[in-house]
Amino acid sequence: MSRDRSPRRLRRRERNVLLRRRGRNALIAASLTALSLTTSGCVVVHGEREVLPSATRAEAAKAVTAFTDAYNKADKAYDNSLDAPYLTGPFGDITAARLKAGHANSPSGNPNHVPLKLTDLKISIPKKAGWPRWFVADARGSKTGTARWLMVFTRDDLDRRWRVAHVTLVAPGAVPALRTDKDGWAEAVPADSAQLAVAPGKLSADYATYLKKGGQAFADGKYTSVERTDRVKRARKPGLVTQFIDKPLTNGDYAPLALRTEDGGALVFFSTHHYERQTSAAGTTVPIPNKDVQALTEGEVKQSLTLEFMSAEVALDPPGSGRVSMLGRVPGLTSAQGG
């Protein structure tokens, strides 16, 4: 029997042969590529594993400018929607409440607005793996005399905007020298570091405990021993009792972040959550401190007023052992409840 050599049958056979050859060639190419990557040591770079600077210096400077512009627009209009995309963490909570109160008392905007100007800007960018990426901006703020603004910018992914999570104010010269490599990149300190007096991840809980019970973990100062003494005075005034509740914040945008200092210690940024409950004597009413507190108060104030605060702190955590020094603390009222 003769073979069918019709033009249609021949074209079909040629096409099948060509497809089989292409398939074999593709497999061979893939195999050679995999072999080449394995033997040469070349691998796909994963951003979550590679130790890289968190940002370029130009990118960080641009983020500071974007934040400042948004902050000024929101402050002028008393409109949180104008800067909310640039804020997160404790600073985001504090600013949102401040603008809410301002808008309630002055719907047409801030009559006392003065633009914030940041000068003498210094940026510290750590090299690290994984998310979040972050950096610290240290600048003199026009609204706070000679005080330095320490701002922590974070983001959780490449397609996210840089946002400010922490803002603390410190005295000039209080910021310690930071350790950097030969290219000028700072060193991030892990939250569970055992090389410090207190692991950065424990500072929030330890500070909340210190405010309640005292202890030897923190050096004396305005935000430690003086704060505790002031609380004792405020706890019992004639006709008014004040109770304090302090809670740590350690997750998400409230998680502590730390940079290595030249001496091997760490500059640690962390957050805490606070409540103050004021209760008046029978037959009297708790006084509301001011109109901003009134704007943030829910419920009718009779015999009690509970104030809720977020607080951003920065501390110097020494290497090895010793007491932690609190360099700055910025608390802000976020809500209030009458009762």
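This is a predicted model: local features need pLDDT of at least 70, side-chain atom pairs count only at pLDDT 80 or more; totals for chains, interfaces and linings use all residues.

The entries below go from the whole chain to its sheets and then to one strand.

**Entry 1, overview.** I counted six helices and 14 strands in the protein. For burial, I found that 40% of the 339 residues are buried. The accessible surface came out at about 18,600 Å², with 53% of that area on carbon and sulfur atoms. I also looked up contacts with a separation of 6 or more: 67% of them link residues 24 or more positions apart.

**Entry 2, the three-stranded sheet.** I traced an open sheet of three strands in the order β1-β3-β7, with mixed pairing. Its edge strands are β1 (52–53) and β7 (186–187), and each of these pairs on one side only. I then checked β1 against β3 (residues 126–128): they run antiparallel and two bridges join them. Leu52 is the residue I found opposite Lys128 of β3.

Next I followed a second open sheet, where four antiparallel strands come in the order β2-β4-β5-β6. Here β2 (118–124) and β6 are the edges, each pairing on one side only. Ignoring direction, neighbouring strands in this sheet are turned by 20 degrees against each other on average.

I took the β4 side first. Strand β4 (residues 133–141) runs antiparallel to β5, and eight bridges hold the pair together. In that pairing, Ala137 sits opposite Met151 of β5. The hairpin of β4 and β5 has six residues between the strands, and there I noted Gly145 with a positive phi near 60 degrees. On the other pairing, β5 meets β6 (residues 163–170) through seven bridges, again antiparallel. I wrote down two opposite pairs: Phe153 with Val164 of β6, and Val152 with its bridge partner His166.

How many of the eight residues of β5 are buried? I found eight of the eight in residues 148–155, so the strand is largely enclosed by the rest of the structure. I recalled that side chains in a regular strand alternate between the two faces of the sheet. I therefore sorted β5 by face, using under 20% relative accessible area as the cut-off for buried. One side carries Arg148, Leu150, Val152 and Thr154, all buried.

Notes
Residues are numbered from 1 along each chain as its sequence is written. Side-chain values use heavy atoms; hydrogens and water are left out. Buried means under 20% relative accessible area, exposed over 50%, partly exposed in between (1.4 Å probe, protein chains only). Contact means heavy atoms within 4.5 Å. Accessible areas come from the Shrake-Rupley method with a 1.4 Å probe; for residues, only the protein chains shown count as cover. Two strands pair if DSSP finds at least two bridges between them. Axes are lines fitted to C-alpha atoms, for helices over the stretch in contact, and angles run from 0 to 180 degrees between N-to-C directions.
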